[in-house]
Amino acid sequence: MADFDFEQLVFAGGGIRCFWHGGFMATAGDALALKPERISSVSGGALSAATWIANRERALLEAMVNAFAQNDANFDSDASNFTPHQEMYRNVVREALPRDAVKAVAEGPECEVLLGVPPQWLPPHLFVILSGGVYAAEKRFRSTPHLRWPHSIGLEGLRVDMRQAARDGELIDLICAAATIPPVFDVPEWNGLRVLDGGMVDKAPVPEPDIGKTLFLMTSLYRNLPDDDRRTYIQPSEEVAADKIDFSDASKVEDTWAQGKRDGKAWVTRHG
């Protein structure tokens, strides 16, 4: 497996679709024998990265499936924003990353989380509507994870050190901030700036500094990926079952994990 000595690892965004990461690594992880020097993540990929570093992927799967099994709708009149998402996600993240897992992240490899920073003078909910349209258009016409168009309307990226957040007792807050999509989630602040899901900046951000070979674990299918000998993109074999923010169907989470396992096995078979 000398050809797959990766110095860098990227967990792409995708909300609940990121459970494909865990399933894929459950079967392909041993063959890849990854020991990256740098990791970057975005959106739901931040949770994937933290649980992979702490060896808590299966604990995350169990926590999320149990939470979804007790919820049958994406509307809740008693919850914040009239949806169950914010409370459920934070509870699952907290359960999947107990104190020893946070310690493992703090002592693990370099790991960045990309947050999106909208123009601070514009109401964030309004900006989400504007940027969402731009994001959807670029995804359709350019079909690449590395976005350009949202930058043109003022969306910037903020890279946060996951290890430092873990040391400061802010890991749970950081992972939840990374998944912020109004109006389903309240808009948090990070270092005094209102922040959004960084997936609107880049769906698969390369680590900084960008040195060596990089493995990208995706969650969606793209037609146009960079032709670069230093980059290897692994995509699902087909669109996964899970919807990005559907918190009402545990079976879709399990199906997405199972597809990741099948895709991991197939990848190992193809590459020896």
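Biologist: Are Trp-20 and Phe-24 buried or exposed?

Modeller: Both are buried. The term means under 20% relative accessible area; exposed means over 50%, and partly exposed lies in between (1.4 Å probe, protein chains only). This is a predicted model, in which local features need pLDDT of at least 70 and side-chain atom pairs count only at pLDDT 80 or more, while totals for chains, interfaces and linings use all residues. Residues are numbered from 1 along each chain as its sequence is written, and side-chain values use heavy atoms, leaving out hydrogens and water.

Biologist: How many aromatic pairs are there, and by what rule?

Modeller: Rings of Phe, Tyr and Trp (its six-membered ring) pair if their centres lie within 6.5 Å; planes under 30 degrees apart are stacked, over 60 edge-to-face, and the rest tilted. By this rule the count is six.

Biologist: What makes Phe-24 and Trp-267 edge-to-face?

Modeller: Their angle of 65 degrees, with 6.3 Å centre to centre. Phe-24 sits in H1 and Trp-267 in helix H10 (residues 250-271), so this pair ties together parts 243 residues apart in sequence. Trp-267 is buried, as is Phe-24. Together Trp-20, Phe-24 and Trp-267 form one aromatic cluster.

Biologist: How do you know that H2 is largely enclosed by the rest of the structure?

Modeller: By counting: nine of the nine residues of H2 are buried, so the helix is largely enclosed. Among them are Gly-45, Leu-47, Ser-48, Trp-52 and Ile-53. Helices (H or I, at least four residues) and strands (E, at least two) are DSSP runs, numbered from the N terminus. Just after H2, Asn-55 takes a positive phi of about 60 degrees.

Biologist: What makes a space a pocket and not a cavity?

Modeller: On a 1 Å grid over the protein atoms alone, a cavity is a set of points where a 1.4 Å probe fits but cannot get out; a pocket is an open set with protein on both sides within 12 Å along at least five of seven lines. Lining residues have an atom within 4 Å of a point. Points are joined across faces, edges and corners, and a volume is the space filled by probe spheres set on them.

Biologist: What is the volume of the largest pocket, and which residues are closest to its centre?

Modeller: The volume is about 220 Å³. Of its 13 lining residues, Met-25, Ala-26, Trp-52, Asn-55 and Glu-57 are the closest to the centre. Helix H1 (19-32) and helix H3 (57-69) are the elements that give two or more residues. H1 gives the most, with six.

Biologist: How does that lining divide by class?

Modeller: Into five nonpolar, four polar and four charged residues. Ala, Val, Leu, Ile, Met, Phe, Trp, Tyr, Cys and Pro count as nonpolar, Asp, Glu, Lys and Arg as charged, and the others, Gly among them, as polar.

Biologist: How many cavities of 30 Å³ or more does the structure hold?

Modeller: Two. H1, helix H2 (45-53) and H3 each give two or more residues. By class, the lining has eleven nonpolar, six polar and one charged.

Biologist: What about the second largest cavity?

Modeller: About 90 Å³ of space lies there. Its lining includes Gly-15, Gly-44, Tyr-89, Asp-197 and Lys-244. The classes are seven nonpolar, three polar and two charged.

Biologist: Why is Thr-214 called buried?

Modeller: Its relative accessible area is 1%, so it falls under the cut-off. Thr-214 lies in strand S8 (residues 214-217).

Biologist: What joins the side chains of Thr-214 and Gln-8?

Modeller: A polar contact of 2.6 Å. That term needs a pair of N or O atoms within 3.5 Å; within protein, one must be able to donate a hydrogen and the other to accept it, and residues adjacent in sequence count only if both atoms are side-chain atoms.

Biologist: What is the relative accessible area of Val-42, and where is the residue found?

Modeller: Val-42 has 0%, so it is buried. Val-42 is in strand S2 (residues 38-42). Leaving out residues up to four places away in sequence, Val-42 touches several others, including Phe-11, Leu-114, Asp-202 and Pro-205; contact means heavy atoms within 4.5 Å.
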